[in-house]
Amino acid sequence: MSKVELLLLDFWVSPFCMRVKIALNEKGLQYEARPEDLFGGKSELLLNSNPIYKKVHVFLHDMKPLYESTIIVSYIDETWSSPPLLLPCSYGQAQARFWDDYIDRKVVYIYEDLFDYISLNFI
Ligand SMILES: N[C@@H](CCC(=O)N[C@@H](CS)C(=O)NCC(=O)O)C(=O)O
């Protein structure tokens, strides 16, 4: 496998993957988004890179893996500081964190139900 500086193990419809891709695009960073087949068999790279949850999204920076999309976005913002992803005022930052948290609490259940439905009915 050739070495890619910024590599995403991706599932195109995942909101968690989209969150990371939005951050990378805002920063103007070049990256490779490598699709994962979550229903047909996850890659060895995914299983080895995220042994705890075995889920996308995984972000590899110089082949060092990170997972959990909110943590990845913070890492991206701290590592490539310009332009900043959050507003300079703490009130604006708190509002952004509210919506980040809202996605984690609410959207995840829709996806889990959708995954269960597809797995049970189509796989
Ligand atoms: N909290 C995680 C959620 C990751 C997640 O739920 N990923 C889903 C896709 S949307 C997944 O990989 N599902 C496959 C599985 O559960 O085996 C994050 O923010 O990265």
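**Overall architecture and a helix pair**

Of the 123 residues of the protein, 18% count as buried. The model is a predicted one. Its secondary structure comprises four helices and four strands, and these follow one another along the sequence in the pattern β-α-β-α-β-β-α-α.

The overall dimensions can be considered next. Taken along the principal axes, the box filled by the C-alpha atoms is roughly 45 × 35 × 20 Å. The radius of gyration is 15 Å, which agrees with the value near 14 Å that a compact globule of 123 residues would have. Among the contacts with a separation of 6 or more, 59% are accounted for by residues 24 or more positions apart.

Helix H1 (residues 15-27) and helix H3 (residues 69-79) have axes that come within 9 Å and cross at roughly 10°. Because angles under 35 degrees count as roughly parallel, H1 is roughly parallel to H3. On the H1 side, the contact is made by Phe16, Arg19, Val20, Ala23, Leu24 and Lys27; on the H3 side, Ser69, Ile72, Val73, Ile76 and Asp77 take part.

Attention may now turn to helix H4 (residues 90-122), where Glu112 is found. Glu112 has 10 C-beta neighbours inside 10 Å and therefore counts as exposed, since the cut-off for that class is 12 or fewer. Glu112 and Ser81 lie 31 residues apart along the chain, and their C-alpha atoms are separated by 33 Å.

Conventions
Residues are numbered from 1 along each chain as its sequence is written. This is a predicted model: local features need pLDDT of at least 70, side-chain atom pairs count only at pLDDT 80 or more; totals for chains, interfaces and linings use all residues. Axes are lines fitted to C-alpha atoms, for helices over the stretch in contact, and angles run from 0 to 180 degrees between N-to-C directions. Helices (H or I, at least four residues) and strands (E, at least two) are DSSP runs, numbered from the N terminus. Angles under 35 degrees count as roughly parallel, over 145 as roughly antiparallel, 65 to 115 as roughly perpendicular and the rest as oblique. Two residues are in contact if their C-beta atoms, placed from the backbone, lie within 7 Å. A residue is buried if 20 or more other C-beta atoms lie within 10 Å of its own, exposed if 12 or fewer, and partly exposed in between; C-beta atoms are placed from the backbone. The radius of gyration is taken over C-alpha atoms; the globule rule is 2.2 Å times the number of residues to the power 0.38.
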